[in-house]
Amino acid sequence: MHGFDSRKDIKKMIQKYVDGTATIEEVTFVEAYYAFQENKQESELSENELEALSKETFDKIAGELRSAQEPAKPTFNLLKYITAAAILVVFVTTGYLFLENRSSKHKLPAISSNKQLEIKPGTSQATLTLADGSVMILDDKQTVKIKELPGLVISKTSKGELIYKASGNSGNALNLASNTIATPPGGQYQVFLPDGTHVWLNAESKLTFPESFAGKTRKVVLEGEGYFEVAKNKALPFHVLTGNQDVEVTGTHFNVNGYIDNNAINTTLLEGSITVHYKKQSKKIVPGQQAVLSASGPLIDINTADTEAAVAWKNGFFEFNNTSLRQIMHQLARWYDLQIDYSSLPEKRYNGVVPRSADLSRVLQMLEVTGDIRFKIEEQRRLSVVTK
């Protein structure tokens, strides 16, 4: 089957939908896409029937979009996105046929606006605490030099980046004391460490590091979530300490998710190799694998990773793969700075891709359209779920 480069083209269409630049066909696809509701036990279709329907479905929409936009790209398996779903959508030129358990009794609701939920997404913002205790506010408004120390210049750019760079004025006088960059709820930031390592910090995260790496290792401490592109230096291994876990690398790309509400530390490798240490355990993983250190279990588990999903936040998306509503709410709480009433959450799971640039109202509407739930924003940005 000829189709799309799955995630890139899906994400591109969704972003255009949010921006208001999507074609009629793309609007149809995106709104139908968010009608998928995972509920395998209620589906009367077998796995083979689902896959056949997926191919037929996407062939139709792909043909129309290719003729108006780009040449055909590698195949796209729609089944990866809908898995075994009770709700399926068959695309046709003028619209779609909505099916649930081979029945058309339900209609796909339109996505509507709601002024009550106009909460903007997060931005590039953080605070930098220097060794002397002084605190600098970081944002993406302009490029400025923050501070100049002996042999070191610290600056921030308008791209939301913090840069540590040796000045060469006093190469042996670099301060080995620690600095800390912290992102608030609704914030993210990037930092180039003194050795050239590039780090992306997700919302509600903190990275502590020295103003200069010296000795036999390079060590940083992470709280929350960060994506690392480590500068290669075999002579000075790089260590990321998260809780009781130690990730050791010499130069590679990986993501560490250590949020407390996850009840686990997930370390996902995209390039190179890393060794994960926990107490007396040491396990090496290769690209495409994920090390999971559970809060309730003493062992490091190695699993096949969905690398695209693991770094979706860094690339500007929420990506849900059989993700529980509770886990989704944790992500939204951090990015939109919300208080969540978790007592009202039903046991639902979702597949989908949503731009992090979307207003909260758009994200909630996309979740509402897939099930019998409605969201309510109360005072002090408190979000609760009302079951219909």
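**Close-up views of salt bridges and a helix pair**

**View 1. Arg-382 counts as partly exposed, at 34% relative accessibility.** Welcome to the first close-up of this predicted model. The partner to look for here is Asp-341, whose side chain meets that of Arg-382 in a salt bridge with an N to O distance of 3.8 Å. The two residues come from distant parts of the chain, 41 residues apart: Arg-382 lies in strand E27 (residues 382–387), while Asp-341 sits in the loop between strand E24 (339–340) and E25. Asp-341 has a relative accessible area of 18%, and because the cut-off for buried is under 20%, Asp-341 falls in that class.

**View 2. Asp-195 and Arg-218 join their side chains in a salt bridge.** Here the N to O distance is 2.5 Å. How accessible is each partner? Arg-218 is buried, at 1% relative accessibility, whereas Asp-195 reaches 23% and counts as partly exposed.

**View 3. Lys-120 and Asp-359 form a salt bridge.** If you zoom in on this pair, the closest N and O atoms are 3.1 Å apart. The bridge ties together distant parts of the chain, 239 residues apart: Lys-120 belongs to the loop between strand E2 (95–100) and strand E3 (123–124), and Asp-359 to the loop between strand E25 (349–355) and helix H7 (360–368). Is Lys-120 buried or exposed? With 53% relative accessibility, and because the cut-off for exposed is over 50%, Lys-120 counts as exposed. For context, the salt bridges in the model come to 7, the pairs shown in these views being among them.

**View 4. Helix H6 (residues 325–336) packs with H7 at an angle of about 170°.** The axes of the two helices are 12 Å apart. Because angles over 145 degrees count as roughly antiparallel, H6 is roughly antiparallel to H7.

Methods:
Residues numbered from 1 in each chain as written. Predicted model: local features only at pLDDT ≥ 70, side-chain atom pairs only at ≥ 80, totals over all residues. Heavy atoms only, no water. Salt bridge = Lys/Arg side-chain N within 4 Å of Asp/Glu carboxyl O. Helix = DSSP H or I, 4+ residues; strand = E, 2+ residues; numbered from the N terminus. Buried < 20%, exposed > 50% of the residue type's maximum accessible area, 1.4 Å probe, protein only. Axes fitted to C-alpha atoms, helices over the stretch in contact; angles between N-to-C directions. Parallel < 35°, antiparallel > 145°, perpendicular 65-115°, else oblique.
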